[in-house]
Amino acid sequence: MTNTATNNLPSVNEIVKSVLNIRSEATEWNNTAYKTANEGLYVLLRKSYEQCDILRAHDIEVRTDFSKALEDKGYPFNSGTSIEAKVLRVVFDIKEAKNKRIHRYANVLRVAKADKISSEDFVKWLSKSGGIDCVESTNQAKERDTRIEKAKKEFAELYRIALKDVLSKNITDAKASEGDMCNFSVALVRHSKDNETEVVGLSNSDSITKSLLLNLKKQFEEEVNNAHSDEKNDAVQQNKDAIRNKSEQQSQAVAQQ
């Protein structure tokens, strides 16, 4: 195991010792003030945040040695586990691979890192931000907005291509979906300014077909209801016509007598 410091940074053993010391503080906090002292939790997260910064300042060999040292102590990780999650699992003595509490705390540390919050300002920043839940929800909203913006840009590009560059397709080339929607497929129709239409895309994706059918469900139901209503009205009218015709026939028969 590498024990020498790089650029005056703490060694792996020193980092492990620091993380375990924070764990002792976390255990005491958990046993005494868990439900009331957010400030104590924020301090624990700040110290964990500092250790994450130190680990990132090291080269990959030291971080690998750190992971191995914690694994030897019963904290298993995989290649995709973040530095934040590794440190926090030890600090709060959680050996589960998936844990919502660790996920929430790690998310706060990642947001702080992305916002370039210093360790000195961490507690103040977290308190001012409204606490862990607020930071997490704000970050989720940012991620959602980012995904929406990305989707809009991708859609705009696809629309541009479909509007100008995509060649028309022959509807007879359409192939039926292969799953539950095997009686259907989907066609993308381009409409010109002259109200002309042409098929520019064909899909036999079962999921796309199903999604479209679900979106059209209300329209289908209205059309079916209207059709049934028309049939019912026709039947009522036919019945009225039959009664009227019968009445007229009876009247004619009486007149002839």
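This is a predicted model: local features need pLDDT of at least 70, side-chain atom pairs count only at pLDDT 80 or more; totals for chains, interfaces and linings use all residues.
A search of the whole structure returned 6 salt bridges.

One of the bridges joins Arg23 to Asp93, with a separation of 3.9 Å between the closest N and O atoms. This pair links distant parts of the chain, the two residues being 70 residues apart. Arg23 lies in helix α1 (residues 12–32), whereas Asp93 belongs to the loop between α4 (83–91) and α5 (100–114). Since the criterion is a nitrogen–oxygen distance within 4 Å, the pair at 3.9 Å is counted. Arg23 has a relative accessibility of 26% and is therefore classed as partly exposed. Asp93, at 42%, is also partly exposed.

The relative accessibility of Glu50 is 26%, which places Glu50 in the partly exposed class.

Helix α3 (residues 60–72) contains the pair Lys68 and Asp72, which are 4 residues apart and thus separated by about one helical turn. The closest N and O atoms of this salt bridge are 2.9 Å apart. Lys68 is partly exposed, with a relative accessibility of 43%. Asp72 reaches 53%; because the exposed class begins over 50%, Asp72 counts as exposed.

Note on methods
Residues are numbered from 1 along each chain as its sequence is written. Side-chain values use heavy atoms; hydrogens and water are left out. A salt bridge is a side-chain nitrogen of Lys or Arg within 4 Å of a carboxyl oxygen of Asp or Glu. Buried means under 20% relative accessible area, exposed over 50%, partly exposed in between (1.4 Å probe, protein chains only).
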